[in-house]
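Have the sequence and the model open side by side.

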Amino acid sequence: MAQTSHFDQLETRSPEVRAADLAQALPAQIARAKALSGYARSLDGVDPATITSADALAALPVLRKSEIGKAQAASAPFGGFTTKPAHGFTHVFQSPGPIYEPSSNAPDWWRMGRFLHAVGIGAGDIVHNCFGYHLTPAGMIFESGAQAVGAAVLPAGTGQTELQVIAACDVGTTAYAGTPDYLKIILEKADEMGVTLGITKAAVGGGALFPSLRDYYTGRGITCLQSYATADLGNIAYESPAMEGMIVDENVIVEIVTPGTGNPVPAGEVGEVIVTTLNPDYPLIRFATGDLSAILPGTSPCGRTNMRIKGWMGRADQTTKIKGMFVRPEQVAALVAHHPEITKARVVASRAGEQDVMTVHIESDGGDADAYAQTVVNVLKLKGKIVIVAPNTLPKDGLVIEDQRSYD
């Protein structure tokens, strides 16, 4: 699918130009982060000048939200991860945890304009923004994106559906922003009230957009595309009219790694999404989203040339309780690291005779099952059956812990 208009020239850069630009921007961002107390340990000894690509990033430690939470508890509100004090931002938001996130009124600070432009939203549109405005940043994320493309906003939030319909009709909203399912609720209420709404575009996020729901909107003449964003990072990736995966935003670097590690997986294999932002106010370096996805090869037919991912494919936190003990992806990673000949491992939890059973499938070209069994006890703190399989045998689905037990 061809598209004649793009948000800016960054979207259509050649791989060579994009890599050269990153080689300039990334060292500067690492230097900003290194100067912050939140990175005092993790970036100690790192020479920012050597971090010029995603491959170089892979040598740095992963930053998890739990670490930010602990740092914020010790040094409120941002834990030493921002380059400005709290009063230097325009907003402070709170997510469950609690975790606090900053925001700024700098143009398109959350980088959502690129997505709204892809949906076709721009000057002349009024966006019915049903994302939350209270404590959560979602409402402001989409509002700043609307400002970036010259659209007006009706800050609707959720609830009071009848009033939503009346407002959408009276104001003449032409576009919707919110979770994928809430627009359907509004449309059905409008049908019930005998009101015809003028919404023809929908920018959705914060939940799964199921094919049947997209088809429902298409049947009503509404173009519906989805973005992948978080409160910490802003926009990460987004759909274009081509609807082939999600295109990574131009001001973040996305890596796909084996869950529980910082080790990139081969292209096409499912793993955890790790994001580095180029936001100078809030430089998150190798931030673990906890989400699973995979790199989609090639470039989008819409003309945007950045890397694509397959979209949200589940959660990477596969922590599972077996025999009363938690087994975590990090422990499975430690097991693999303990024996150089092991290329991959997968813990499977099952039941036999009303008891938990743990089987550890290990990819290895040979190897000593007894030695592996002892390492399992040492690292996972549980005994388990060892099954040695040939390299490249285990599924490439991102799972390192599989729970086969039925809870019905």
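Are Trp109 and Trp110 buried or exposed? Trp109 is buried, and Trp110 is buried as well. Keep in mind that this is a predicted model.

**Aromatic pairs**
- Six aromatic pairs turn up in a search of the whole structure.
- Tyr39 and Phe81 form an edge-to-face pair, because their ring centres are 5.1 Å apart and their planes stand at 80°.
- This pair links distant parts of the chain, 42 residues apart. Tyr39 sits in the loop between H1 and helix H2 (54–57). Phe81 sits in the loop between helix H3 (65–74) and strand E1 (91–95).
- Tyr39 is buried, with a relative accessible area of 2%. Phe81 also counts as buried, at 2% relative accessibility.
- Trp109 and Trp110 have ring centres 4.9 Å apart and planes at 85°, so this pair is edge-to-face.
- Ring pairs join Trp109 and Trp110 with Phe78 and Phe89 in a cluster.

**Nonpolar cores**
- The largest nonpolar core has 61 residues. Those touching the most other members are Tyr39, Phe115, Leu116, Ile121, Phe142 and Val254.
- Leaving aside residues up to four places away in sequence, Ile121 touches Leu116, Val127, Val149, Ala151, Ala175, Lys201 and Ala203.
- A second, separate core holds 20 residues, including Ala345, Val347, Val360 and Val400.

**The nine-stranded sheet**
- Nine strands make an open sheet with mixed pairing. Their order is E4-E3-E5-E6-E7-E8-E9-E14-E13.
- Strand E4 (152–155) and E13 are the edge strands, and each pairs on one side only.
- Within this order, E8 (residues 234–238) and E9 (residues 246–248) run antiparallel and are joined by two bridges. Ala237 stands opposite Val248 in E9.

**Strands E17, E18 and E19**
- Strand E17 (residues 342–352) pairs with E18 in the antiparallel sense, over ten bridges. Val347 lies opposite Val360 in E18.
- E18 and strand E19 (residues 385–389) run parallel, joined by five bridges. Ile362 has Ile388 in E19 as its bridge partner.
- From E18 the chain crosses through helix H10 (residues 369–380) to E19. This β-α-β crossover is right-handed.
- Why is strand E18 (residues 355–364) largely enclosed by the rest of the structure? Seven of its ten residues are buried.

- Gln29 belongs to helix H1 (residues 15–34). Gln29 is buried, with a relative accessible area of 0%.
- The side chains of Gln29 and Arg32 are joined by a polar contact of 2.7 Å.
- Not counting residues up to four places away in sequence, Gln29 touches Thr277, Leu278, Asn279, Pro280, Pro283 and Ile285.
- Gly298 lies in the loop between strand E13 (295–296) and strand E14 (308–309). Gly298 is exposed, with a relative accessible area of 53%, and the cut-off for exposed is over 50%.
- Gly298 and Arg308 are ten residues apart in sequence. Their C-alpha atoms are 7.7 Å apart in space.

Definitions and conventions:
Residues are numbered from 1 along each chain as its sequence is written. This is a predicted model: local features need pLDDT of at least 70, side-chain atom pairs count only at pLDDT 80 or more; totals for chains, interfaces and linings use all residues. Side-chain values use heavy atoms; hydrogens and water are left out. Helices (H or I, at least four residues) and strands (E, at least two) are DSSP runs, numbered from the N terminus. Buried means under 20% relative accessible area, exposed over 50%, partly exposed in between (1.4 Å probe, protein chains only). A polar contact is a pair of N or O atoms within 3.5 Å; within protein, one must be able to donate a hydrogen and the other to accept it, and residues adjacent in sequence count only if both atoms are side-chain atoms. Contact means heavy atoms within 4.5 Å. Two strands pair if DSSP finds at least two bridges between them. A nonpolar core is a set of buried Ala, Val, Leu, Ile, Met, Phe, Trp, Tyr and Cys residues joined through side-chain atoms within 4.5 Å. A crossover is right-handed if, with the strands pointing away from the viewer, the path from the first strand over the helix to the second runs clockwise. Rings of Phe, Tyr and Trp (its six-membered ring) pair if their centres lie within 6.5 Å; planes under 30 degrees apart count as stacked, over 60 as edge-to-face and the rest as tilted.
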